[in-house]
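Here is a short report to read alongside your structure. It looks at how two parts of one protein meet.

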Amino acid sequence: MKDLLGLYPQEITEIVTSLGDKPFRARQLLKWIYLKGVSDFDEMTDLSIDFRERLSASTKISKLVCEKITTSGREENLHNDEKESDETTKLLFRLDDGERIESVIIPDGKKRTLCISSQVGCALGCTFCMTGKMGFVRDLTAAEIVGQVIAAGKYLSEIKGEDGSDDEGIKISNIVFMGMGEPLLNYDEVVRAYDIISSGWGLEISWRKITISTAGIPDAILRLGRDRNINLAVSLNAPDDETRSSIMPINKKYPLRELIEALKKYPLKRRSRITIEYVLINGINDSQDHAHELSRIVSGLKIKVNLIPFNPYPGSEYERPNPDIVSRFQAILIKLNINAIVRKSKGRDISAACGQLATEKKIRKGH
Ligand code: SAH
Ligand code: SF4
């Protein structure tokens, strides 16, 4: 059965006409699917019953099944050293084939950033990343990527006002492809999902509010720069090949010089910058020399730096640096005129922070 979720308007129009109906019905369908998030044809009351029957005989609109919702800051999830209450929410989805993926809703004032997954697991095996430890299972389809945004939006509208707060109008405002997987290794489905999320006929989240994060695959970065104009984040994590290759095996294939070359060619809209993500790991990449070297290799690039203190997880072999090491690293960059912020890791108590996404079943299997 053809899934209507994840299709472009033209493709839906073709299906509509092949079922013998007028092309404009496609517009109505798009509204139901993306604007209203409806997946049951019976609810599409402005379509004739006859047409709805023909649709449901040969097509479907898939929906992600949310298996578990965990919210950070709730008593049961707090450890003694983590008394932060931030209401970060992790949604665990079960896919049709039984695989599981996670998305995370990160609140910030009225803003709600959704961190979405692009693959089940990841093939790149970065040594500090929990998803990397799972290994690669499979790519997600565009429907599964977009499905995360629709499901998270529904979740927000359902909890609205539940606790007496005035959350009217709170919606997913920003999207980051920073969940499980390497988006640029699932290029076609990720670009399709991006188009659906950012288009007026789709989920209507402005391109300005969407960022794709990559471990750094130069050809794919160049291709993305030609195809679309998407905000890019690059997980640099080390300023020299030796250190980087030791924590990010992909660096052996695409060394820093090639990566930086690709970034230099990436087209940027006015006032936009590439985000450089840098996970600070105690004793590995957090020295003053590393900070100076980092500023050297990014010179000439329009960037901002996000410093992410390493988030430990069960079985991880690294440590988070002391806060003064983190501040020193940041201060060196700022002194060298680099815009550097330290990212607060939200949701640490529920394993929803960066690099802590992996479904438990898989991790256990691998270890
Ligand atoms: N594969 C893409 C998208 C995933 S983003 C990428 O690597 O960019 C995941 C982000 O979390 C990356 O910036 C990664 O460097 C960071 N990360 C991974 N493990 C982490 C950990 N344990 N602590 C903090 N950040 C981590
Ligand atoms: Fe994959 Fe990104 Fe994790 Fe590296 S950091 S293993 S590329 S998800």
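## A salt bridge to start with

Lys 60 and Asp 96 join their side chains in a salt bridge, at 4.0 Å from N to O. The term stands for a side-chain nitrogen of Lys or Arg within 4 Å of a carboxyl oxygen of Asp or Glu. The rule finds two salt bridges across the interface of domain 1 and domain 2.

This is a predicted model, in which local features need pLDDT of at least 70, side-chain atom pairs count only at pLDDT 80 or more, and totals for chains, interfaces and linings use all residues. Residues are numbered from 1 along each chain as its sequence is written, and side-chain values use heavy atoms, leaving out hydrogens and water.

## The two domains

Domain 1 covers 2-60 and domain 2 covers 65-362; the bounds come from an automatic or database domain assignment. Their C-alpha centres are 34 Å apart. To the contact (heavy atoms within 4.5 Å), domain 1 gives 13 residues and domain 2 gives 16 residues.

## What the interface is made of

About 1,100 Å² is buried between domain 1 and domain 2, with 62% of that area from carbon and sulfur atoms. Buried area here is the accessible area (1.4 Å probe) that two parts lose on being put together, summed over both. Which three residues supply more than any others of the area that domain 1 buries against domain 2? They are Leu 5, Tyr 8 and Tyr 34, with 51%.

Conventions
Chains are lettered from A and ligands numbered from 1 in the order in which they are written.
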